[in-house]
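Subject: Structure for you to look through

Hello,

Here is the structure I said I would pass on. Please open it and keep it beside you while you read the notes below.

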Amino acid sequence: GFRRAGRLTGLDLSEIVRISERAALLRAEGRDVVTLSTGEPDFPTPDFVIDAALAAARGGQTRYPPTAGNADLRAAIAEDHGRQLAEVMVSTGAKQVLANALLATLDPGDEVIMPTPFWTSYADMVRIAGGTDVQVACPMEDGFKLSPAALEAAITPRTRWLMLNSPSNPSGAVYSASEIAALAEVLDRHPQVWIISDEIYAHLSYVRFASFTAVAPQLAHRTLIVNGVSKAWAMTGWRIGWGVGPAPLIKAMTAVQGQSTSGACTVAQAAALAALTGDRALLDDRRAAFRARRDRVVAALDAMPGLSCLEPDGAFYVFPSCAALLGDGRSDGDFCAALLEQAGVAVVPGRAFGLPGHFRLSFAYSEAELDEGLARIGAAIETEQ
Ligand code: PLP
């Protein structure tokens, strides 16, 4: 019979995917469901980006690309970061950058520290790569952020990576420059610990954004910055992300990619190059639109009894606590299942992000969808009271 590899122990389809699929199924059955569960901007890919992709396809950019990415795109990324070409690689989404890094570096028993709540995939990726995830609870009282003391306490001789994500999915927390500097001070003392700084939401920060290496250049030789076009440019389907880090790491990651997917899609790389080098005014417009949605969503949630939420400083998620509505064996998973099955609104339980007692609502949706979804959540909570 079929036997899964041992390193897949505990691995299942992501709960975010399962909820979205369940919502789609209910809708196919004729139920009216509002989906607020996916982290995907509803904006279109900019026209000038699509034009560049068409031109690339017609212009013959249809052959195997270099494994680490097209030189022109890598050069644009390197310039953006003030780094060398050998310190940049392009992958099929930021997700593959993360997977490459973990597969290239983790041996059994190696530990990866991740503050919770974290993006669902982090823990599973570490496990697939044979490492051990070390989850450090960063509750709402701490602003969902890792403190220097908690970091210090989590580090062991086996720690290989700290995975940071600012702005954060799912909490929207953004580390300030001084908060990064305080973490860097701890990391200065532990040279075995490398840093993954997932900055995929950097352009969607509503407060001043601080990049990890800009604040802690002394750690650049053991830091991997992860970014891409998916979120800021609304290009989730093009699947282009990149990693910026020390050349030996980039080389090892390129070797991994070379034996899995090879270089990323040529047409998508041309599109990403156009996005990166094009007019960035659109990023400001979109950020302003998301910020207005954030204010709308937070105001609505704040008015609901039993929920409490922190205003997100970045990304397009809120992560309210529903702990006051739980208890008696009722989990955040039960709460979200009831919202989906009875109220017809899809959100994701906090347990999927390593911090139960919350749920994640994405506001990367139209105001009409947000208003309807929030009205349903409000009505569902009221009938429970
Ligand atoms: N990192 C974080 C924190 C994310 O939320 C996501 C997407 O949801 C990714 C990485 C993956 O981005 P991409 O679509 O470029 O693979």
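Seven strands form an open sheet with mixed pairing, in the order β2-β8-β7-β6-β5-β3-β4. Strands here are DSSP runs of E with at least two residues, helices are runs of H or I with at least four, and both are numbered from the N terminus. Two strands count as paired if DSSP finds at least two bridges between them. The edges are β2 (88-91) and β4 (132-137); each has a single partner strand, so one side of each has no neighbour in the sheet. From one strand to the next, the twist averages 20 degrees. Angles are taken between N-to-C directions and run from 0 to 180 degrees, with axes fitted as lines to C-alpha atoms, for helices over the stretch in contact.

Two points about the source belong here. The model is predicted, so local features need pLDDT of at least 70 and side-chain atom pairs count only at pLDDT 80 or more, while totals for chains, interfaces and linings use all residues. Residues are numbered from 1 along each chain as its sequence is written.

Some pairs of the sheet in detail:

Strands of a sheet pair through backbone hydrogen bonds, in a parallel or an antiparallel way. β3 (residues 111-116) and β4 run parallel and are joined by six bridges; in β4, Gln-135 is the bridge partner of Met-114. β5 and β6 also pair in the parallel sense, over five bridges, and Leu-164 has Ser-197 in β6 as its bridge partner. β2 and β8 pair in the antiparallel sense over four bridges, with Val-244 in β8 as the bridge partner of Val-88.

Which residues of β6 (194-198) are buried? Five of its five residues are, where buried means 20 or more other C-beta atoms within 10 Å of the residue's own, exposed means 12 or fewer, partly exposed is in between, and C-beta atoms are placed from the backbone. In a regular strand the side chains alternate between the two faces of the sheet. In β6, Trp-194, Ile-196 and Asp-198 point one way, and Ile-195 and Ser-197 the other way. β2 is covered on both faces too: Val-88 and Val-90 are buried on one side, Met-89 and Ser-91 on the other.

Helix α3 (residues 71-81) packs on it, touching β2, β7 (223-228) and β8 (241-244), and its direction makes about 125 degrees with that of β2. Contact means that the C-beta atoms of two residues, placed from the backbone, lie within 7 Å. Leu-73, Arg-74 and Ile-77 of α3 are buried. They lie on the same side of α3 because they cover an arc of only 100 degrees around the axis, the arc being that of the directions from the helix axis to the C-beta atoms. An α-helix has 3.6 residues a turn, so residues three or four places apart point the same way. The cover over the buried residues of α3 includes β2, β8 and α10 (266-277). After α3 comes Gly-82, with a positive phi near 65 degrees.

There is also an open sheet of three strands, with antiparallel pairing and the order β9-β12-β11. Its edge strands, β9 (317-318) and β11 (348-349), each pair on one side only. Two bridges join β9 to β12 (residues 359-362), and Leu-361 in β12 is the bridge partner of Val-318.

Now the ligand: 13 residues surround it, and the closest are Gly-93, Ala-94, Lys-95, Asn-169 and Ser-230. A residue is near a molecule if its C-beta atom, placed from the backbone, lies within 6 Å of it. The shell divides into three nonpolar, eight polar and two charged residues. Nonpolar covers Ala, Val, Leu, Ile, Met, Phe, Trp, Tyr, Cys and Pro; charged covers Asp, Glu, Lys and Arg; the others, Gly among them, count as polar.

Finally, some backbone details:

- The peptide bond from Asn-169 to Pro-170 is cis, with omega near 20 degrees; Pro-170 is in the loop between β5 (159-165) and α7 (177-188).
- The bond from Thr-116 to Pro-117 is a cis peptide bond, with omega near 5 degrees; Pro-117 is in the loop between β3 and α5 (121-128).
- Ser-262 is not a glycine, yet its phi is positive, near 65 degrees. Ser-262 counts as exposed, with 12 C-beta neighbours inside 10 Å.
- Asp-328, also not a glycine, has a positive phi of about 55 degrees. Asp-328 is exposed, with 5 other C-beta atoms within 10 Å.

Regards
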